[in-house]
Amino acid sequence: MENFEFYNPTKIIFGRETEKKIGKILEKNDIERVLFVYGKSSIKETGLYDRVVKSLQKEGIEFIEHGGVKPNPVLSHTKEGIEKAKKYKVDAILSVGGGSVIDEGKTIAVGAKTDKEIWDFFKRGKEIKKALPVYVILTLAATGSEMNGFAVITNEETKEKLSISSEHIFPKVSILNPELTFTVSQQYQAYAAVDTIAHVIEHYFSSEYCPNLQNRLIESIIKTVMETTEVIFQEPQNYNARAEFMWTATIALNGLTRLGIKGGEFPNHMIAHALGALYDLPHGACLSIVIPAWMKWYKDKNIAQFERFAREIFNLKSADEGIEALKAWFRDKGAPVTLKDVEIKEEDISKIAENAYSIATVWDMAKKYSLDVLTEILKNAND
Ligand code: NZQ
Ligand code: ZN
């Protein structure tokens with residue numbers, strides 16, 4: 001195994017009705033006033049908004065609302081949140097929602113503590129020195145943002161989708177009640193499954209060496225995602241399936257699966273972010289298009305691992321069979337698997353490749369992922 005450091009300070013509170021504890025948790029942490037960040041409408045429709053407000057009011061926690069976060073959260077709305085956080089001098093951020101709401105909340109947490117231009121932290125990798133504490137109630141299990149130090153924001157003017165990474169933006173506490181995900185649609189469950197699988201296969205395939213413990217942990221995550229998603233499709237209110245899926249999605253990107261691995265990159269996310277930035281497609285849908293195309297391009301660079309994947313996940317022999325089986329599973333769940341599926345034309349490939357290349361330069365991956373390489377991968381995704 002390679003040397004590693006592991007740090008994950010997020011406290012997880014998991015289980016039924018746990019969202020009711022939010023007021024008490026904040027009060028215990030001496031938080032008096034929060035910026036309450038949420039999405040478009042789901043938390044009001046499900047009644048979660050009312051339960052959160054009740055819990056906050058019971059403990060006398062003041063809250064300033066910052067609703068309307070959109071999927072693929074944008075810089076302009078994030079900046080509005082930063083202004084509110086500063087104006088009302090909030091002590092913490094409370095994000096109630098999926099990855100988009102959590103990521104916008106994390107970014108506001110950074111912006112509230114600095115007078116520097118927030119986009120510079122994304123574009124120029126400016127070091128994050130402090131942030132307000134972030135508290136989370138998760139309503140959509142997918143990104144792992146509830147237990148990691150990443151946030152992804154889209155600059156809608158420049159069409160750039162970039163990320164920050166810092167120890168300061170790990171949520172302090174994340175409440176995970178699987179019941180809150182009962183209302184997640186089949187479509188978003190499919191995207192969530194793709195995203196969770198993506199988080200673990202990036203390193204599984206692209207690293208030079210992956211210890212067996214990590215291989216098996218990753219394979220277990222993939223199998224659990226597939227099994228639980230099948231059940232959720234049949235029974236959206238199956239608690240155990242929602243619960244196992246939720247925790248699986250969390251550990252898929254909380255740092256655990258990467259430990260001791262040599263090398264490894266996030267190329268599928270890099271290309272998917274270009275699609276997200278240009279077409280505002282859901283993150284999981286971008287990944288289900290990119291992954292089979294990237295796998296086809298990459299397989300010969302690590303053929304034994306691709307054969308292992310085919311064998312362990314699908315009981316198949318060859319790398320190609322494994323890739324086709326994964327693609328078929330994505331398609332069967334209703335996720336797009338080609339650019340055509342989302343009506344992106346072949347002539348757009350150069351534009352997508354250029355956008356992905358600009359992310360590659362920020363992520364220090366441009367040597368391996370030249371414009372030609374990115375074009376070749378995207379051509380694999382054409383149909
Ligand atoms: O806006 P509302 O009305 O809340 O509706 C949302 C949204 O339309 C809805 N939803 C959420 N919980 C629901 C629900 N609908 C019914 N019942 C519920 N319980 O679902 C839609 C999608 O929500 P969103 O938060 O956008 O989805 P997701 O969790 O997949 O987050 C995607 C964002 O996270 C980023 C992605 O790039 C994308 O911007 N990622 C963040 C990562 C991280 N911070 O570690 C890593 C990932 O790789 C990813 O890049
Ligand atoms: Zn992802």
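In this predicted model, G97 lies opposite L138 of strand β5. Strand β4, residues 92–97, is joined to β5 by 5 bridges, and the two run parallel. Strands of a sheet pair through backbone hydrogen bonds, in either a parallel or an antiparallel manner.

The β4–β5 pair belongs to an open sheet of 6 strands with parallel pairing, ordered β1-β8-β5-β4-β2-β3. Strands β1 and β3 stand at the edges with a single partner strand each, so one side of each has no neighbour in the sheet. On average, neighbouring strands of this sheet are turned by 20 degrees against each other, direction ignored. Helix α4 packs on the sheet and touches β2 and β3; the direction of α4 makes about 160 degrees with that of β3.

| Element | Residues |
|---|---|
| Strand β1 | 11–14 |
| Strand β2 | 33–38 |
| Strand β3 | 62–66 |
| Helix α4 | 75–87 |

S145 is placed in the loop that lies between β5 (134–138) and β6 (150–155). With a relative accessible area of 2%, S145 is buried, because the cut-off for that class is under 20%. Apart from neighbours within four places in sequence, S145 has contacts with I102, D103, K106, F150 and P171.

The second largest pocket has a volume of about 430 Å³. Among the 20 residues lining this pocket, E5, F6, Y7, G255 and R258 are the closest to its centre. By class, the lining of the second largest pocket comprises 8 nonpolar, 9 polar and 3 charged residues.

Note on methods. Residues are numbered from 1 along each chain as its sequence is written. Chains are lettered from A and ligands numbered from 1 in the order in which they are written. This is a predicted model: local features need pLDDT of at least 70, side-chain atom pairs count only at pLDDT 80 or more; totals for chains, interfaces and linings use all residues. Side-chain values use heavy atoms; hydrogens and water are left out. Helices (H or I, at least four residues) and strands (E, at least two) are DSSP runs, numbered from the N terminus. Buried means under 20% relative accessible area, exposed over 50%, partly exposed in between (1.4 Å probe, protein chains only). Contact means heavy atoms within 4.5 Å. Two strands pair if DSSP finds at least two bridges between them. Axes are lines fitted to C-alpha atoms, for helices over the stretch in contact, and angles run from 0 to 180 degrees between N-to-C directions. On a 1 Å grid over the protein atoms alone, a cavity is a set of points where a 1.4 Å probe fits but cannot get out, and a pocket is an open set with protein on both sides within 12 Å along at least five of seven lines; lining residues have an atom within 4 Å of a point. Grid points are joined across faces, edges and corners, and a volume is the space filled by probe spheres set on the points. Ala, Val, Leu, Ile, Met, Phe, Trp, Tyr, Cys and Pro count as nonpolar, Asp, Glu, Lys and Arg as charged, and the others, Gly among them, as polar.
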